[in-house]
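Here are my notes for a colleague opening this structure for the first time. Please keep the 3D view open while reading.

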Amino acid sequence: MTWSPYALIEAVMPHLSIAPILLPLLTACVLLFLSEHRLRTKTAVSLAAALLNLILAVLLFQWTARGDAQGTYSVYLPSNWDVPFGIVLVLDRLSALMLLLVGVIGLMALLFAVARWHKAGAHFHPLFQIQLMGLNGAFLTGDLFNLFVFFEVMLAASYGLLLHGSGPARVKAGLHYLSVNLVASSLFLVGAAMIYGVVGTLNMADLAAKIPQVSAIDRPLLHAGCAILGVAFLTKAAMWPLNFWLVPAYSSASAPSGAIFALLTKVGVYVLLRLSTLWFSPQAGESAGFGSAWLVWGGMATLAFGALGMLASQRPARLAGYAVIVSSGTLMAMIGLGRPEVTAAALYYLPTSTFAIAAFFLLTELMDRSRSADPGVQRRPEDEEDHLPFALADLDLQPGSNLDDDEELLIGQPIPASIALLGLAFICCTLLVAGLPPLSGFVGKFAMLSALLSTPETGGTLTAVTWTLLGLVVLSGLFAMIALSRTGIRFFWAPVGRKAPVLNSVEYLPVAVLVGLCVFFTVRAEPLMRYARDTAQVLYQPQGYIDAVLKTQPRATPTNAERMGAPAPQVLP
Amino acid sequence: MEIVLAIAIGVLTACGVWLLLRPRTYQVIMGLCLLSYGVNLFIFSTGRLALDSEPVLIPGVLETLQNYTDPMPQALVLTAIVIGFAMTALFLVVLLAQRGFWGNDHVDGQGDAE
């Protein structure tokens, strides 16, 4: 047999799926032991770990992707308990995709932070690694309570990252963010406890197998529990009206934190997709399709809110915050429809929109800084309140500035390279967020809309829901384009006689890579769509997931061998 | 016993929600504490209430929930208490930072309320 990297992965496979949790955890522990004076060492360790995390995610992604359409699952029992009792980690196509997303955005945000942001306060690197651990864990776990724990890990790190750099605006936004998330966590606990009280298990696959058997008397209680749990996830996924906290918090966070926060809402979306396909599949009897109407209408309200918010905001960071809401609303509405082909398109849209928004968050920082040519000046967030009408002072014409009738000054005035690069990245982000051709934002939206319009089950007639959603997606694109081109004109065209901003290549690289990935998504749209289609198909056949988890046996060890009917392994004296 | 516990959870949660909606940061943190007490008691109660029964197996006693109390919610509530405690401590730090920056204890940093 010839050697291949797959053979190596296969050899360590069930164990490799816990590596994305262990690696950032151990790195964070190591980083805590290094003093703040050894920033160079800390940076090197942190960057190496983030790079390794990305490599792990790529390996796991390839491992799941090469399986057939029936789905490849890796089930890992961290404590070697029998399945419904212990914690399980489950890796499937969807989690592998999300892990890859964390790997890429994590590395890029860290690279951006290394240029200057990591010096703005203590313990940036450990917090960042714990953030990665929480995200990876939330995507891997197959247990409801373990999901709560990873949610809390992720949130605890995000509080730290939000407050990183301090300042009144951040502390105020952080206080609100903390209170909202603590209440959401309480709701999570209440929901999980109610579900445990009714069904008697917290394993997601076991729950999926037992939900159809719940008696009619207990079913309303189960549904109430699921609804309360859902509110917690919807708060995280920023559904209107539970998303008022998002824009102030995300726009006051430092740019690398903002980029990683673009992922946090996707955790909510991921959990909604995972649990709704597992628990409320057509096999779930009375519970089939529970809450999907809420998801569709709530998603549409979120989409409308986000689009209007984009029109109303002036600061680039706030625009990025509303772009998060628009992306999340689109995904929730599409997932809520519960149609595999629509979900497949949404799964193509999810990574590309997340990359675009993360790049936009990083870019806003560079744009804000470009307003003063001196890179040493750090604009404080409280100077950046939204004033209406925007920047009238900026628009005052100075004597000698060029107008259309007086074109002489335009000639021979070169565009500085840094402004050109920033402008190019901004145009790409605009195209991606608004969903205009030729970039992948358009491909994603087009795939979703064409999937929406093909209705084999209703015999060719489109329902009002479909039309509303279609209209909203198109309108939100228009609104995003108006808002973003207005900001682009203000930042790149209107200022006259400004010095060229200093552009640090380490800071520009992550933006370029993220935008470049979206270009890659455009070029390789067909194979990526195929992956998304297979993923969606596997998601809507939850029996494979349930069987894979419930049939996993713990390994025979001296302590449990007798119980499992296996000969006890020889223990060396 | 059920009614007593239910009333206790209800009162704690109601007080927690009311305090949470108040404009002072101290009231908010007290509200969050009361809310988490209510939630913890609620988790505890999902294992069904039982008198004089223990979660640890005793040799010779049949392993059903008739003879034992469910150990799972107790384990869950322990985790929830630890996490809730840590989050309250973190909230306290942010509360003090907010007070330091804005010079008052209003959640929005504006001292003109009330």
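**Notes on the predicted model**

1. From H1(B), the residues in contact are Leu5(B), Ala8(B), Ile9(B), Leu12(B), Thr13(B), Cys15(B), Gly16(B), Val17(B), Leu19(B) and Leu20(B). They meet Gln27(B), Val28(B), Met30(B), Gly31(B), Leu32(B), Leu34(B), Leu35(B), Tyr37(B), Gly38(B), Leu41(B), Phe42(B) and Ser45(B) of H2(B). By class, the residues of this contact are 16 nonpolar and 6 polar, with no charged ones.

2. Now the geometry. Helix H1 of chain B spans residues 2-20, and helix H2 of chain B spans residues 25-45. Their axes come within 7 Å and cross at roughly 155°. An angle over 145° counts as roughly antiparallel, so H1(B) and H2(B) are roughly antiparallel to each other. The crossing of H1(B) past H2(B) is left-handed.

3. Next, look at where the chains touch. Chain A contributes 21 residues and chain B contributes 27 residues. On the side of chain A, helix H7 (144-163) and helix H8 (168-199) are the elements that give two or more residues. H8(A) gives the most, with 16 residues. That side of chain A has 15 nonpolar, 4 polar and 2 charged residues.

4. Check confidence in chain A. Its mean pLDDT is 84, and 87% of its residues reach 70 or more. Among its elements, helix H6 (residues 124-140) has the highest mean pLDDT, 94. Helix H22 (residues 561-564) has the lowest, 71.

5. One stretch calls for care. Residues 373-395 of chain A have pLDDT below 50. Beyond near neighbours in sequence, this stretch has 29 contacts in the model. Where pLDDT is low, the predicted coordinates should not be read in detail.

Note on methods
Residues numbered from 1 in each chain as written. Chains lettered and ligands numbered in written order. Predicted model: local features only at pLDDT ≥ 70, side-chain atom pairs only at ≥ 80, totals over all residues. Axes fitted to C-alpha atoms, helices over the stretch in contact; angles between N-to-C directions. Helix = DSSP H or I, 4+ residues; strand = E, 2+ residues; numbered from the N terminus. Parallel < 35°, antiparallel > 145°, perpendicular 65-115°, else oblique. Left-handed = near helix turned anticlockwise from the far one by under 90°. Contact = placed C-beta atoms within 7 Å. Nonpolar A, V, L, I, M, F, W, Y, C, P; charged D, E, K, R; others polar. pLDDT = per-residue confidence, 0-100.
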